[in-house]
Amino acid sequence: MIITGTHLPRRTFLRGLGASIALPMLDAMTPALARASAAPAGPTRLVFTYVPNGVSMTGWTPQGAGAAFELSSVLKPMAAHRSDMLVLTGLAQKNGMALGDGAGDHARAAASYLTGVHPKKTAGADIQNGISADQIAAQAIGAQTRFASIELGCDDSRTVGNCDSGYSCAYTNSLAWRSETSPMPPETNPRLVFERLFGADAHLDPATRQRRMLHRRSILDVVGERTKQLNGTLGAADRRKVDEYLHAVREIERQIEVAESDMRDLRPGIDKPTGIPVAYADYVKLMFDLQVVAFQTDMTRVVTMMMGREGSMRTYPEIGVPDPHHPLTHHRNNADWMKRVEQINVFHAELFTYFLDKMKATRDGDASLLERSMVVYGSGLSDGNRHTHDDLPVLVVGQGNGLLRTGRHVVYDKQTPMNNLFLTLLDGIGVRPETIGDSTGALQHLTDVS
């Protein structure tokens, strides 16, 4: 074998007529000399997936601690990933509590979740919070990727007005905060996310975009000639990887097109925004698919996603729960309402499992995307009925490139700061802020087997 040392740049794109498709990691992107010895580890991804309105903690908390824990009813959908997960019990976000400010726990839950800061109670323009953990990461490592971070959501999002007992909608609808006064609202339209990732029609006004949709070709058609040229330089394994990846991109594009052609409303009296699937499961899976391709092509290494905004009134008739989510969580110990809340929690877990399946099935060099990631899943409330911010539902999935020792349920002392977890995860990607919110230091027992 002749080793030339030449290789395909990691930042290789298929370009054409406004489209720019990044490629996944290929063998041809690893220098020949490195392949002959040991390939370097791929980058670590940091993901925060948020579910609103708290969780049924009796349905969430596993029995047993350490490696011998038993999966709870809410976590059972993730059984295939038991060895990939850390269930963390006892963590609290005390700055989500009232602390003299009265009602508004839903706004404080979302606002404090990644910042660890007690948000200023205001419905005006004078909002004030803290910099969120994801943005601390993005500001430190974001220059290494096309997008420093990506923020996604699956509920209507706005940043002005009063959304919770005198708290601005900016608090209830945003996990990510670039600065104390600058929330980063999630993008909720899959078409706009797709266009941002692949550079297709990204700067067109809505009317022009609508006209072009009538004659739209697939983005793959636009880069077809460049794809043929690239394939002529690749080995069989890389050609297969490119084909599988482009097939996945086309499938995402097709799902968006189906959503755009579906004129049904989401609910009676509520118009459906163009590009958003009617079925919630289709919507969430599409947003997860977009995350996977963004990680696969290293377009970003930091993502936040709100599966629903705090105080969400979404209904779930597809699982036999036609009642709005938020009111159900105020169940006052009504057994039937509590059962419905747990049904919603299980449904969310099933959809999250779809994401984990995709991450584990997607290769990134010699490991899976899941092995190279640290995915935090949970809520800023535990008991939605009592609006509690302690003993939060916290799950971390993925090994973080070997940092985390997974397959365990770790029980901490009550009121252990949630922000200690974020300090530890950030340290795992080489980012070391002195503090986050009320953090007191690294969270123990994540990287060892005790």
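**Helix packing and cores**

Author: Helix H10 (residues 236–261) packs against helix H11 (residues 280–296) at an angle of about 150°, and their axes are 11 Å apart. That makes H10 roughly antiparallel to H11 (a term for angles over 145 degrees). Helices here are DSSP runs of H or I with at least four residues, numbered from the N terminus. The model is predicted: local features need pLDDT of at least 70, side-chain atom pairs count only at pLDDT 80 or more, and totals for chains, interfaces and linings use all residues. Residues are numbered from 1 along each chain as its sequence is written, and side-chain values use heavy atoms, leaving out hydrogens and water.

Reader: Which residues of H10 and H11 make the contact?

Author: Two packed helices are described by the angle between their axes and the distance between the axes. Here, the contact (heavy atoms within 4.5 Å) involves Tyr245, Ile252, Gln255 and Ile256 of H10, and Leu286, Asp289, Leu290, Val293 and Gln296 of H11.

Reader: How many residues are in the largest nonpolar core?

Author: In soluble globular proteins, nonpolar side chains tend to be buried together. A nonpolar core joins buried Ala, Val, Leu, Ile, Met, Phe, Trp, Tyr and Cys residues through side-chain atoms within 4.5 Å; buried means under 20% relative accessible area, with a 1.4 Å probe and protein chains only. The largest core has 76 residues, with Leu197, Phe198, Phe352 and Leu395 having the most contacts inside it. H11 supplies the largest share of this core, 12 residues. A second, separate core of 37 residues includes Met374.

Reader: Is Ile429 buried or exposed?

Author: Ile429 counts as buried, at 17% relative accessibility. Its contacts beyond four places in sequence include Leu46 and Met374.

Notes:
Axes are lines fitted to C-alpha atoms, for helices over the stretch in contact, and angles run from 0 to 180 degrees between N-to-C directions. Helices (H or I, at least four residues) and strands (E, at least two) are DSSP runs, numbered from the N terminus. Angles under 35 degrees count as roughly parallel, over 145 as roughly antiparallel, 65 to 115 as roughly perpendicular and the rest as oblique. Buried means under 20% relative accessible area, exposed over 50%, partly exposed in between (1.4 Å probe, protein chains only).
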